[in-house]
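Below is a short briefing on one protein chain. It covers a helix, a loop residue and the chain as a whole.

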Amino acid sequence: MNKFKKLIVAAGLMLSISSFTLTNQTEAATTYTVKSGQTYWKIATGFGIPLNSLMSANNSKPLIAGQNITLPNSPISAADKDLMARLVRAEAVGEPYAGKVAVAVVILNRVKSDQFPNSVRGVIYQISNGYYAFTPVANGEINKPADAESKRAVNEAIALMGKGGGSLFFYNPDTSTNSWILSRPVTARIGNHVFAR
């Protein structure tokens with residue numbers, strides 16, 4: 001009877017160790033069934049996956065409705081996508097859709113740049129010279145839920161990863177009082193925002 005108890009305890013310990021190991025592994029890529037009319041771009045923007053990664057995972061083979069393809073994991077977690085979408089909504093409310101995508105691209109470019117923190121959360125909540133990098137963090141607007149368009153803009157920005165003009169900043173030239181930001185090389189003008197490197 002004593003050996004039986006030891007066996008049950010040992011088996012329980014092995015199960016808890018293996019379940020701990022499984023939950024701490026990164027998720028594997030998933031399989032997705034292509035629907036009629038879908039393109040790599042539509043799938044990448046729908047799931048918030050870099051287009052280059054999606055095409056590479058599937059050897060850029062032509063898409064046919066009903067076929068299964070591999071969806072690589074997004075480099076941005078669901079929580080970080082939500083945080084980005086809330087910032088995009090707060091920063092670009094009333095701006096054209098392209099401007100919302102461009103704001104999300106700035107966040108992703110900052111994460112990749114050695115001049116900024118290396119995480120979405122770090123970039124968004126960064127304090128520089130005693131001030132938050134983004135006004136909506138300081139005034140609490142970031143705490144409001146994101147709208148559907150801002151969420152789509154974030155997914156599109158993720159799909160565009162590795163493309164674009166390398167924007168690291170954006171500002172409204174009508175309201176900006178910072179002379180340094182005005183000296184940065186301009187990459188785009190969208191709506192009321194100027195984007196710069």
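H4 is mostly covered, with 12 of its 15 residues buried (under 20% relative accessible area; exposed is over 50%, partly exposed in between; 1.4 Å probe, protein chains only). The model is predicted: local features need pLDDT of at least 70, side-chain atom pairs count only at pLDDT 80 or more, and totals for chains, interfaces and linings use all residues. Residues are numbered from 1 along each chain as its sequence is written, and side-chain values use heavy atoms, leaving out hydrogens and water.

**Helix H4**
- Helices (H or I, at least four residues) and strands (E, at least two) are DSSP runs numbered from the N terminus.
- H4 covers residues 78-92 and reaches 21 Å from first C-alpha to last, close to the expected 21 Å (1.5 Å times one less than its number of residues).

**Glutamine 126**
- Glutamine 126 sits in the loop between helix H6 (120-124) and strand S3 (127-128).
- Glutamine 126 counts as buried because its relative accessibility is 18%.
- Leaving aside residues up to four places away in sequence, glutamine 126 touches Phe116, Pro117, Tyr131, Tyr132 and Ala133 (contact: heavy atoms within 4.5 Å).

**Whole chain**
- The protein chain has 9 helices and 7 strands.
- Of its 197 residues, 37% count as buried.
- Among contacts between residues at least 6 apart in sequence, 63% join residues at least 24 apart.
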